[in-house]
Amino acid sequence: MQSIIEKIKRLWEQLLHQEATPHQIALGFCVGLFVSFLPIPPFQTLTTLLLAFALRSNKVAALIGLHIHLIFVPVVPFVFIVEYKIGYKLLHWHHHPKVEPMKITIMYLIEKGWPLLKAMLVGAFVLGVPSCTISYPIVKRAAFRWQHGRRTKGDSKITEI
């Protein structure tokens, strides 16, 4: 867990020196946070960067959003199980395959097949969208305040909103 915190600190330092609007920072953070819920463990970083690029959001903020999830919910397999349970309930399934949370990898998901992945994706949207909806205004306001503070100190590298 210490390495995750150190990685976020390094990313935060990079973010502080970038030129980006509060919207770009908040959107980037939300992209990373949303992708952190997706059951695609080996592809989360690549997916985050591609989405951040496509949406013209801040890539460093996106990586922070991706990794911040691990601090607040350090048990990723638990999140995947919750996503799966939410998904199969919403899809009205009466039977479901037995899932072993500690074995969830991309190969495990492929082995179990589309029904498992489909349920997990539904659950990921159910958890990810509200998380992003809540975090966007908080991060945007924090970025605005931080930039406003830097502007009042005379830092000319800050972009306008």
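This is a short chat about a predicted model of one protein chain.

Reader: Before I start, what should I know about the model and the numbering?
Author: It's a predicted model, so local features need pLDDT of at least 70 and side-chain atom pairs count only at pLDDT 80 or more, while totals for chains, interfaces and linings use all residues. Residues are numbered from 1 along each chain as its sequence is written, and side-chain values use heavy atoms, with hydrogens and water left out.

Reader: OK. How many helices and strands does the chain have?
Author: There are 7 helices and 0 strands. Both are DSSP runs numbered from the N terminus: helices are H or I with at least four residues, strands are E with at least two.

Reader: And how much of the chain is buried?
Author: Buried residues are 39% of the 161 in the chain. Buried means under 20% relative accessible area, exposed means over 50%, and partly exposed is in between, using a 1.4 Å probe and protein chains only.

Reader: Let's look at H3. Which residues are buried there?
Author: Gln44, Thr48 and Ala52.

Reader: Where do they sit around the axis?
Author: On the same side of H3, because they cover an arc of only 65° around the axis. That arc is taken from the directions from the helix axis to the C-beta atoms.

Reader: What's on the other side of H3?
Author: Exposed residues: Leu46, Leu50, Phe53 and Ala54.

Reader: How do H2 and H3 cross?
Author: The axes of H2 (residues 22-37) and H3 come within 9 Å and cross at roughly 145°. Axes here are lines fitted to C-alpha atoms, for helices over the stretch in contact, and angles run from 0 to 180 degrees between N-to-C directions.

Reader: Which residues make that contact?
Author: From H2 it's Val31, Gly32, Val35 and Ser36, and from H3 it's Gln44, Thr47, Thr48, Leu51 and Ala52. Contact means heavy atoms within 4.5 Å.

Reader: How many of those are nonpolar, polar or charged?
Author: The H2 contact with H3 has 4 nonpolar, 5 polar and no charged residues. Ala, Val, Leu, Ile, Met, Phe, Trp, Tyr, Cys and Pro count as nonpolar, Asp, Glu, Lys and Arg as charged, and the others, Gly among them, as polar.

Reader: Switching topic: where does Arg56 lie?
Author: In the loop between helix H3 (44-54) and helix H4 (59-72). The phi of Arg56 is near 55°, a positive value in a residue other than glycine.

Reader: Is Arg56 buried or exposed?
Author: Arg56 is exposed, with a relative accessible area of 69%.
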